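Let's take a walk through this one together.

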Amino acid sequence: MAAGTVLETVTAEEARRVIDAAAAKATEIGQPMDIAVVDAGGNLKAHVRMDGANIGSITIAINKAYTAIAFQCETGDLQELTRPEGPIYGLNDAHGGRLVVFPGGIPLVREGSIVGAIGVSTGTIEQDQEVAEAGVAAF
């Protein structure tokens with residue numbers, strides 16, 4: 001075995017806490033959601049599809065979280081930059097179409113380091129962002 005340490009990442013317990021807080025906010029606003037948390041490598045750590053959430057939004061939630069960790073920013077921050085007039089137009093087609101460039105994906109930061117991300121989908125982009133923010137607040 002190689003000596004060394006594993007990259008610091010979000011724990012399973014933290015992922016559950018983030019998802020629980022996001023789900024509570026989704027319930028509060030009356031919008032069931034798909035909620036995903038990825039680790040520091042962009043790999044799925046946890047996912048919940050609330051009763052009534054769209055099955056088509058499962059992949060979108062996971063990919064929002066992936067995009068937030070891959071580009072170390074909120075997915076909504078990429079929206080203007082990737083429009084046809086933007087400097088990185090076409091970015092959303094990179095990574096095999098896996099990138100999502102609208103709100104609902106937010107990095108999870110511990111002590112100044114990004115250790116994971118949350119992605120939320122099914123509602124409006126404003127609802128997705130609000131629910132993701134609730135998850136981040138619990139982190």
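How many Å should the 15 residues of H2 span at 1.5 Å a residue, and how far apart are its end C-alpha atoms? The 15 residues of H2 should span 21 Å, and the end C-alpha atoms are 21 Å apart, which agrees. The expected span here is 1.5 Å times one less than the number of residues in the helix. Helices (H or I, at least four residues) and strands (E, at least two) are DSSP runs, numbered from the N terminus.

Before going further, some housekeeping. This is a predicted model, so local features need pLDDT of at least 70 and side-chain atom pairs count only at pLDDT 80 or more, while totals for chains, interfaces and linings use all residues. Residues are numbered from 1 along each chain as its sequence is written, and side-chain values use heavy atoms, with hydrogens and water left out.

Back to H2. Its buried residues include Ser57, Ala61, Lys64 and Ile69; buried means under 20% relative accessible area, exposed over 50%, and partly exposed in between (1.4 Å probe, protein chains only). The buried residues of H2 pack against S1, S2, H3, S3, S4 and H4, where contact means heavy atoms within 4.5 Å. Just after H2, Gln72 takes a positive phi of about 50°.

Now for the sheet. Four strands make up an open sheet, in the order S2-S1-S4-S3, with antiparallel pairing. Two strands pair if DSSP finds at least two bridges between them. Strand S2 (44-49) and S3 stand at the edges with a single partner strand each, so one side of each has no neighbour in the sheet. On average, and with direction ignored, neighbouring strands of this sheet are turned by 20° against each other. Strand S1 (residues 34-39) pairs with S4 in the antiparallel sense over six bridges, and Ala36 has Gly119 as its bridge partner in S4.

S4 (residues 113-121) is also where you'll find Ser121. Ser121 counts as buried because its relative accessibility is 5%. Ser121 and Ile35 are 86 residues apart in sequence, yet their C-alpha atoms are 6.8 Å apart in space. Leaving aside residues up to four places away in sequence, Ser121 touches Met33, Asp34, Ser57, Ile60, Ala61, Lys64 and Asp128. With Ser57, a polar contact of 3.4 Å joins the two side chains. For a polar contact, a pair of N or O atoms must be within 3.5 Å; within protein, one must be able to donate a hydrogen and the other to accept it, and residues adjacent in sequence count only if both atoms are side-chain atoms.

Next, look at H4, which lies across S3 and S4 and runs at about 145° to S4. Axes here are lines fitted to C-alpha atoms, for helices over the stretch in contact, and angles run from 0 to 180 degrees between N-to-C directions. In H4, the buried residues are Asp128, Gln129, Val131, Ala132, Ala134 and Gly135, and the buried residues of H4 pack against H1, H2, S3 and S4.

What about the charges? Side chains of opposite charge can pair when their charged atoms come close. A search of the whole structure finds seven salt bridges, each a side-chain nitrogen of Lys or Arg within 4 Å of a carboxyl oxygen of Asp or Glu. Lys64 and Asp128 form a salt bridge, with the closest N and O atoms 2.8 Å apart. That pair links distant parts of the chain, with Lys64 in helix H2 (residues 57-71) and Asp128 in helix H4 (residues 125-138), 64 residues apart. Both Lys64 and Asp128 are buried.

Arg110 forms a salt bridge with Glu8, whose closest N and O atoms are 2.4 Å apart. Here Arg110 sits in strand S3 (residues 105-110) and Glu8 in the segment before helix H1 (12-29), 102 residues apart. Arg110 also meets Glu14 in a salt bridge (2.5 Å, N to O). Glu14 lies in helix H1 and Arg110 in strand S3, so this pair ties together parts 96 residues apart in sequence. Glu14 and Arg110 are both buried.

One last stop: Thr82, in the loop between H2 and helix H3 (94-97). Thr82 is buried, with a relative accessible area of 7%. The side chain of Thr82 reaches the backbone oxygen of Leu78 at 2.8 Å and that of Gln79 at 3.2 Å.
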